[in-house]
Amino acid sequence: MTEREINDYFRKVAGFMVGSFVLWICIIIYQCIAGIITIFWGYGVATLLLMVYNLIGCIRYFKNIRIIRECHTQEQAESVCKYFENQIPICWLFMFINLIFGGVLGFAGNLYDLILAYQVKKKKGELIGQCSKFYGSYREEE
């Protein structure tokens, strides 16, 4: 891929990441409301702590969106692909944690992030130029 194609692709990825960011902000708002309403039953404290954890994650995620949007070289693409590959096991873990504890919105947010990570991973070879490399020829012996 050319630098222009790499940049165009990662601008699209950054757009999907903005969608994820908005979804997580909605989850944070929901957690804030639910936490305040249920604070007297003890459940609200845990919900508010999770809200703070998700808020910190969103701040870091927003910074990553800006970095990924500017990606245009194969070296940068390799770093971004590694970032998404590292997110896959984390997404699986938190997706199942949310599933077990009934966090439907958290499950949906992690599923969205997981699908995005797999899409970038699927495109990795093309982005960093591995698909275009020729590893030698094959000759049959007679």
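# Exercises on a predicted helical model

Val 18 has a relative accessible area of 31% and is therefore partly exposed (buried is under 20%, exposed over 50%, partly exposed in between, with a 1.4 Å probe and protein chains only). The model is predicted, so local features need pLDDT of at least 70 and side-chain atom pairs pLDDT 80 or more, while totals for chains, interfaces and linings use all residues. Residues are numbered from 1 along each chain as its sequence is written, and side-chain values use heavy atoms, with hydrogens and water left out.

## Exercise 1. Val 18

Solution. 
- Step 1. Val 18 belongs to helix α1 (helices are DSSP runs of H or I with at least four residues, strands runs of E with at least two, numbered from the N terminus).
- Step 2. Between Val 18 and Glu 5, 13 residues apart in sequence, the C-alpha to C-alpha separation is 20 Å.

## Exercise 2. Helix α2

Task: compare the span of α2 with the expected value, then name its buried residues and their cover.

Solution. 
- Step 1. α2 has 27 residues, and from first C-alpha to last it reaches 38 Å, close to the 39 Å expected at 1.5 Å a residue (the expected span is 1.5 Å times one less than the number of residues).
- Step 2. The buried residues of α2 are Gly 44, Thr 47, Leu 48, Met 51, Asn 54, Cys 58, Tyr 61, Ile 65 and Ile 68.
- Step 3. Their cover includes α1, α3 (74–100) and α4 (104–128).

## Exercise 3. Aromatic pairs

Task: state how many aromatic pairs the whole structure has, and classify Phe 21 with Phe 62 and Tyr 83 with Phe 84.

Solution. 
- Step 1. The search of the whole structure finds 5 aromatic pairs (rings of Phe, Tyr and Trp, the last by its six-membered ring, with centres within 6.5 Å; planes under 30 degrees apart are stacked, over 60 edge-to-face, the rest tilted).
- Step 2. Phe 21 and Phe 62 are 5.3 Å apart centre to centre with 40° between the planes, a tilted pair.
- Step 3. Phe 21 is in helix α1 and Phe 62 in helix α2, so this pair ties together parts 41 residues apart in sequence.
- Step 4. Phe 62 is partly exposed because its relative accessibility is 38%.
- Step 5. Tyr 83 and Phe 84 are edge-to-face, at 5.2 Å centre to centre and 75° between the planes.
- Step 6. Phe 84 is buried because its relative accessible area is 3%.

## Exercise 4. Salt bridges

Task: count the salt bridges and locate the partners of Lys 124 and Lys 123.

Solution. 
- Step 1. The count is 2 salt bridges (a side-chain nitrogen of Lys or Arg within 4 Å of a carboxyl oxygen of Asp or Glu).
- Step 2. Lys 124 meets Glu 85 at 3.3 Å, N to O.
- Step 3. Lys 124 lies in helix α4 and Glu 85 in helix α3, so the bridge ties together parts 39 residues apart in sequence.
- Step 4. Lys 123 pairs with Glu 126, the closest N and O atoms being 3.5 Å apart.
- Step 5. Lys 123 and Glu 126 are separated by about one helical turn because they are 3 residues apart in helix α4.
- Step 6. Lys 123 is partly exposed at 25% relative accessible area, and Glu 126 is partly exposed at 38% relative accessibility.

Note on methods:
Contact = heavy atoms within 4.5 Å.
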